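Hi,

Here is the structure I said I would pass on to you. Have a look at it, and then read on for what turned up.

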Amino acid sequence: MPPETVLYTHLTPAEFRARLAAAPIAYLPLGTLEWHGEHLPYGSDGLQSQGFFVELARRAGGIVLPMLFLGPDIHEDIDGLPYYGMDVFGFEKGAHQQLEGSAYWVDDALFGALLEAILARLARTGFKIVVAHGHGPSTKFFAEHSAVWSERFGLKLLICWDEVHGDAQTGLMTDHAAANETSLMLALHPDLVRMDALPVDPQVWPRAIMGPDPRVHASPEAGREIIHKNVDWLEGVLRQLLRELKP
Ligand SMILES: [Zn+2]
């Protein structure tokens, strides 16, 4: 039997009706088109969260939305040029660079309006729970607005971090193109990872990545363990929420 179809884009009406009735959960991968080191593709944030959500949806039910590729981040105009996220964070102070290929940044107002439109459409369609996760600043933005949006749209809103499950090693997407994200990509999309594009010399730090060294600490096994731990945890949380929804 082929694997269960959980992608919204791939469902026919009969499949959609059945999945929504069984578990009215939508999963929103908060992606980017963002520099993720020489070794990972630009869509890494969306690919990791979407890949994780596909596994979670097969266990807990629900439907996985297409990945976004626009998101907020720290933003600075320096000498009239815009820099964001790792352009600034990824370098020593004052040595900022516009990292080639990063094309995701939008301001908070636009990102908020985009998420509000998505949540309004999902509520109208009959979803009761929305889980969003991915790019760090997008995920934090979603979490910060969850209380207000939950009230406004009548939805339960979740991200995949909490105090227990957000730690650097076992949390989902907790660094930038370092051991955690690279492990997840090695587990989900090994064909898209080029470990040999990173500097061979261990004394040379890979350009604009942040977190534990992926050359030393990343592996597909570590990625699978992160996925399994978080699927187990969130499956329990979602099944409890579904029970509470039933009248
Ligand atoms: Zn990332």
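You'll find D108 in helix 4, which covers residues 108-125. If you look across from there, S138 is 30 residues away along the chain, and the C-alpha atoms of D108 and S138 are 9.4 Å apart. Do keep in mind throughout that this is a predicted model.

**The zinc site**

Now for the metal. Which residues hold the zinc ion as donors? They are H36, through NE2, D45, through OD, and E181, which gives two OE atoms. These donor atoms lie 1.9 to 2.5 Å from the zinc ion. Along the sequence, the donor residues follow the spacing H-x8-D-x135-E. D45 belongs to helix 2 (residues 44-60) and E181 to helix 6 (residues 179-188), so this pair ties together parts of the chain that are 136 residues apart in sequence. D45 and E181 are both buried.

What about the geometry? For four tetrahedral donors, the ideal angle at a metal is 109.5 degrees. Here the four donor atoms subtend angles of 55 to 137 degrees around the zinc ion, and that is why the arrangement counts as irregular.

**Two pockets**

Next, the open space. The largest pocket holds about 330 Å³. Its lining is made up of 19 residues, and those nearest the centre are G136, P137, D175, H176 and M210. By type, the lining of the largest pocket splits into six nonpolar, seven polar and six charged residues. Helix 3 (86-89) and helix 5 (136-153) each bring at least two residues to this lining. Helix 5 gives the most, with three residues.

The second largest pocket has about 260 Å³ of space. It is lined by 15 residues, and A168, Q169, A179, N180 and I226 are the closest to its centre. Helix 6 turns up again here: helix 6 and helix 8 (220-245) each supply at least two residues of the lining of the second largest pocket. Which element gives the largest share of that lining? Helix 8 does, with four residues. The lining of the second largest pocket divides into five nonpolar, seven polar and three charged residues.

In soluble globular proteins, nonpolar side chains tend to be buried together. In this model, the largest nonpolar core has 28 residues, and the members that touch the most others are Y27, F52, L56, V131 and L238. Strand 1 (25-30), helix 2, strand 5 (129-134), helix 6 and helix 8 each supply at least two residues of this core. Helix 8 has the largest share of the core, eight residues.

**A few spots in the loops**

Most residues other than glycine have a negative phi. M173 is not a glycine, yet its phi is positive, about 65 degrees. M173 sits in the loop between strand 6 (156-158) and helix 6, and it is buried, with a relative accessible area of 4%.

A208 is another non-glycine residue with a positive phi, near 50 degrees. Where is A208 found? Look in the loop between helix 6 and helix 7 (214-217). A208 counts as buried, at 2% relative accessibility.

At 19% relative accessibility, W161 counts as buried, because the cut-off is under 20%. G171 is ten residues from W161 along the chain, with 6.8 Å between their C-alpha atoms.

Last stop: G43, in the loop between strand 1 and helix 2. Buried or exposed? G43 is buried, with a relative accessible area of 15%. G43 and G31 are twelve residues apart in sequence, and their C-alpha atoms are 6.6 Å apart in space.

That's the tour. Over to you!

Notes:
Residues are numbered from 1 along each chain as its sequence is written. This is a predicted model: local features need pLDDT of at least 70, side-chain atom pairs count only at pLDDT 80 or more; totals for chains, interfaces and linings use all residues. Side-chain values use heavy atoms; hydrogens and water are left out. Donors are N, O and S atoms within 2.8 Å of the metal (3.2 Å for Na, K and Ca); water is not among the atoms, so sites may look incomplete. Four donors count as tetrahedral if all angles lie between 85 and 135 degrees; four count as square planar and six as octahedral if opposite donors are over 155 degrees apart and all others between 65 and 115; anything else is irregular. Buried means under 20% relative accessible area, exposed over 50%, partly exposed in between (1.4 Å probe, protein chains only). On a 1 Å grid over the protein atoms alone, a cavity is a set of points where a 1.4 Å probe fits but cannot get out, and a pocket is an open set with protein on both sides within 12 Å along at least five of seven lines; lining residues have an atom within 4 Å of a point. Grid points are joined across faces, edges and corners, and a volume is the space filled by probe spheres set on the points. Ala, Val, Leu, Ile, Met, Phe, Trp, Tyr, Cys and Pro count as nonpolar, Asp, Glu, Lys and Arg as charged, and the others, Gly among them, as polar. A nonpolar core is a set of buried Ala, Val, Leu, Ile, Met, Phe, Trp, Tyr and Cys residues joined through side-chain atoms within 4.5 Å.
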